[in-house]
Amino acid sequence: MADFLLEIGTEEIPARMIAGASDELSRRVGELLSRERLVATIQVENFSTPRRIAVLARGVSLSQPDMEEQVMGPALKIAFKDGQPTPAAHAFAKKVNLDVDRLEQVNTPKGDYLAAKVTKQGRPAKDLLAEFLPKEITSIYWAKNMYWRGGKPERFVRPVRWIVAKLDGEVVPVEFGGIAAGDTSRGHRILSGNAVTIGRPDDYSRALASVSVVATPAEREHIIRKALDAATRTVPGARWREDKALLETVVHLTEFPSVILGSFEPEYLDLPEEVLVTVMRDHQKYFAVEDANGKLAPHFLAVLNTSGDPDGLIRHGNERVLRARFNDARFFWETDQKHSLKERVAWLKSVTFQKDLGSYHAKTLRTQKLASLIAEVLLQAEVKTRAGVIHKAALLAKTDLTTELVKEFTELQGIIGGLYTKAQAAQLDVSQDVADAIGETVYDQYKPESMDDDLPRSVEGAVLAIADKADTIAGMFAIGLQPTGSKDPFALRRAANGIVRIIAEHKLPLNLASLMSDALAEYKGSDAERNFTATFAGDVAAFFRERLEFYLRDVKGYAYDVVNAVLAADAGNIVDALARAEAVAKVRGSEDFAAISASFKRIKNILRQASEGGKLKEGGVASDSVESDEPAERALAVATLQSGERVRHFREAKQYDEALAEIATIRKPLDTFFDKVMVMVDDESVRDRRLALLVTLLESFSRIADFSEIVTERKSS
Amino acid sequence: MSSSKNKPLTFQELILKLQEFWAGRGCVLQQPHDVEVGAGTMSPETFLRVLGPRPHRVGYVQPSRRPADGRYGENPNRLYKHTQYQVILKPPPDNVQELYLESLAAIGIDLRKHDIKFEEDNWESPTLGAWGIGWQVMLDGLEITQFTYFQQCGGIDLDPISAELTYGLERIAAFLQDVDSIYDIVWVYGPDGQPVTYGDIRQLDEEQFSIYNFEKADVAKLWQHLNDYEAECQALVDEYIRKTAEPKKPKKGQETAHAENVERFADVKSRRRFPVLPAFDLCLKCSHLFNLLDARGAISVTERVGVIARIRALAVAVARAYADQQRVIAEDREAAPEKATAAAVGTS
């Protein structure tokens, strides 16, 4: 058994793409080896740095095992005439290199054929890899790739500059992008001379270490964490702020990482922390440092792609850059204070929200009305909100789009508006407390930006966030700009996911369908309405249904059949759907519900067939079955009517565990009914009555979930 | 030059070193384009030369005007007009990154003492119908160069592609000289050995142009200029398109009459002399006027998209015409090399 190493050496790959591509490369190589019968089990190890992705596979055979294969020949009646082989038989024998009497006969659905067993000689691993790897390399997915050679023969994320491919000690002659594989890799650009020979595949990471390249992201992460700790320790009581995304980025920006601690003038701490952290993290890729109380300290940590900074030159350079950036931010902050947010509301008339949907000013007015409407709905369900806070927050929500600071740091939209609101209590003519509440609401309007992001903190924030997103979704759908396939340029899925999560986790008694029709209604009479095209209601319902499924399944972890069952009963009320899913998930595995699910499927089949045969009528009365001569039918009718009433009661009281316990009691009478009673009898009145009973049963017992959607596994005993 | 032994490079020494370095790598050293541009990419030395199959290497300084970036000479990091050093390598050699790093050594940066990273930054100019893949080159946290592999220009897919290196000269000079304000950069040491600073040379420029760009430029006239330049550019490219369009199939019975109505270039010479290059200058004028209007706050967000599309249409049309012209010239040269040379001598 041999080891196989493939390294693709490139110019710097974008940090965000490395992990995915590295995984894909090793998956592809592993599958290739397995498909070509060169490994019994796939054992691969990944390596990656900004300038390379590599995979090491173990237990690789040097050659495919020989394989016995059956080759089909001519049909028997053509191959033999009067028991004698025809020329066709001889030709086939020649082709497979056997005597005619060593050929076999096989029986196939198409008739009897002549066949031959031939031994297919296994090919050397080296040849197979050289032949198939280029296709695997070409197929790696990149979010964005490029041409670099004349004639544009191939695309890759960045130009490929070298390839190492070795099967134990031997070079595998793979070729890609005009580069023939060899056994020479390259070291760190600055810290080492360029070339390093890879002796054997399992020497790879050691060889790279000798030229100042740490070959695995995991090890670099470890080094960076320790170096961050060590650098932070020089400031008493300080801690560095954990930031997973940033850590991942710098891991993929370095081949030989080290860390420096830099400082900035404490006077910059007067700027809001959000601004400082954004400059450090998003623009400079620095880690923020906080003191023992969690407050930002005037320091930063930069991760270098070199061994260190003995003269302090690198620290000095980074400090210069940060100071300039902070200066800019302070300049923008001060400039922005010359015009209050209140003044800026009118400016929104010249900021386009969407070309067919009008300005942000128009959006502001719609969102304001919709938010008030939502607040009223909540009030009816005794969820109280501060109406004034919502009203003012909605008015100011988008004004920060006109500020210099947001133009410079677009990722801070909403946040800047929130901070400015808090700083402008006087201009708003409200107390500082109220200004803070309005500010917080504005600040949180875009939350949650992802499934992991925080929700708006207050109910007012939740209401504004929902109204803003619902207005966008309604407008975009109405002009036919809903997401299609993988395309979602306006991030409407994210917006809808946000609405679902806010409603679910703030436990708001809101109905999606009426929310969205209210949102659409706010467009009535606007210029935008003339551009409306789409069949709105169905599209939006299906879209939210999908988002809700996603939330229940992928975020809350409910099995897909539970989700289908629950949403089939009702998909409008999210909080309720969540509670029902929780209850159904608990009983899903039980014997009672497995049986009920099977019976409900059967009922649906019977009803479908009856309906197709024109035998399902409106006239049947389920309660007639109470008078039936059949005891099983009588029992089921009684149980259906009585239990059905109790289920309805529990459903209304939102006592879903109790409702399900009640539903479970139908199992016995239902099983007995199907054992003893035939539904589709010839006697029309009996049949109508029994069908009506099943219809009623299905209706009464499917209010929590449609149990026919539940997948039942037959347990093998 | 001897005085620079112990001192970092002055601003003009920085330019000289880059010129010298890239001249040594076979680049044509060009002068800045003398029409206002927002970036070195917009100079015809880049925008037009990257089109078509002909290899080309060029290096040049390009003062780049971005009216909206002006700060009345008061912000130490921002300028209305900054200076780029632009290099085009068409096609890029395999060691293009190494060459670039050598150029940094040539301007006195000892990379062993610094932290250098190539971070993803793809460049796109909707106005030029151009985009590329590349990096911002970060030196100790400072973006010093935009490194782009051009993939498309003027809406035309490029083959071969070009590598474009754009050095931000003020930033690099401030870094080398370790000054916090661009205006403190030493441009040159005068005959008395005293520094002449960037501020001495350019401060007034920044102040006056900020006033003009933000306050004085006459919006109505700017629109008028924009419309005029656009119309003139459009007329030229329209004429080129008309004279090179595939002839339509004439209707039966009208063959002769129709053929006579179609305007065509009489010969290759008249086609090669058709003023596509001036059309491009007119297009650049439009682009600069758009930037001025933008700085004046005269373009609403809604209009913005529309005006960008208008300028893009011009840039794309010019690029097409230029590529077509180059193709015809190349074909002609291949067909009759001697005649083409003679023609070239004749026009000079």
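Predicted model: local features only at pLDDT ≥ 70, side-chain atom pairs only at ≥ 80, totals over all residues.
Two strands are treated as paired if DSSP finds at least two bridges between them.

## A four-stranded sheet in chain A

In chain A, an open sheet is built from four strands in the order 17-19-20-18, with antiparallel pairing. Its edges are strand 17 (239-240) and strand 18 (258-263) of chain A; each has a single partner strand, so one side of each is left without a neighbour in the sheet. A:Arg239 has A:Glu290, in strand 19 of chain A, as its bridge partner.

Two helices lie across strands of this group. Helix 8 (residues 273-283) of chain A lies across strand 19 and strand 20 (296-304) of chain A and runs at about 10° to strand 20 of chain A. Helix 9 (residues 313-336) of chain A lies across strand 18, strand 19 and strand 20 of chain A, and its direction is at about 50° to strand 18 of chain A.

## A five-stranded sheet in chain A

Chain A also holds an open sheet of five strands, in the order 2-3-1-11-12 and with antiparallel pairing. Strand 2 (44-49) and strand 12 (170-171) of chain A stand at its edges with a single partner strand each, so one side of each is left without a neighbour in the sheet. Strand 12 of chain A is joined to strand 11 (residues 160-167) of chain A by two bridges, and the two strands run antiparallel. Within this pairing, A:Leu167 has A:Glu170 of strand 12 of chain A as its bridge partner. Helix 4 (residues 125-139) of chain A packs on the sheet and touches strand 1 (2-10), strand 11 and strand 12 of chain A; the helix direction makes about 35° with that of strand 1 of chain A.

## The contact between chain A and chain B

Chain A places 48 residues in contact with 42 residues of chain B. The area buried between chain A and chain B is about 3700 Å², and carbon and sulfur atoms give 48% of this area. A:Arg158, A:Ile190 and A:Arg320 supply 16% of the area that chain A buries against chain B, more than any other three residues.

Between chain A and chain B, 23 residue pairs are in polar contact, both residues being at pLDDT 80 or more. On the side of chain A that touches chain B, the elements that give two or more residues are helix 1 (15-35), strand 9 (146-147), strand 20 and helix 9 of chain A. Helix 9 of chain A gives the most to this side, with 12 residues. Sorted by class, the side of chain A that touches chain B has 19 nonpolar, 12 polar and 17 charged residues.

## Salt bridges

The count over all chains is 83 salt bridges, and the count between chain A and chain B is nine. The table gives two examples.

| Salt bridge | N to O distance |
|---|---|
| A:Arg189 and B:Glu98 | 3.3 Å |
| A:Lys166 and A:Asp183 | 3.9 Å |

A:Lys166 lies in strand 11 of chain A, and A:Asp183 lies in the loop between strand 14 (179-180) and strand 15 (184-186) of chain A, so this pair ties together parts that are 17 residues apart in sequence.

## A hairpin in chain B

Strand 9 (residues 186-189) and strand 10 (residues 195-197) of chain B run antiparallel and are joined by three bridges. B:Val186 stands opposite B:Thr197 in strand 10 of chain B. The two strands form a hairpin with five residues between them, and B:Gly193 in the turn has a positive phi of about 85°.

## Backbone features

Most residues other than glycine have a negative phi, and most peptide bonds are trans. A:Lys152 is not a glycine, yet has a positive phi of about 50°. A:Lys152 lies in the loop between strand 9 and strand 10 (155-156) of chain A.

In chain B, the peptide bond from B:Lys90 to B:Pro91 is cis, with omega near -5°. B:Pro91 is located in the loop between strand 3 (81-90) and helix 3 (96-106) of chain B. B:Asp159 and B:Pro160 are also joined by a cis peptide bond, with omega about 5°. B:Pro160 lies in strand 8 (residues 156-168) of chain B.

How values were computed:
Residues numbered from 1 in each chain as written. Chains lettered and ligands numbered in written order. Heavy atoms only, no water. Contact = heavy atoms within 4.5 Å. Axes fitted to C-alpha atoms, helices over the stretch in contact; angles between N-to-C directions. Buried area = accessible area lost by both parts, 1.4 Å probe. Salt bridge = Lys/Arg side-chain N within 4 Å of Asp/Glu carboxyl O. Polar contact = N/O pair within 3.5 Å; in protein donor to acceptor, adjacent residues only side chain to side chain. Nonpolar A, V, L, I, M, F, W, Y, C, P; charged D, E, K, R; others polar.
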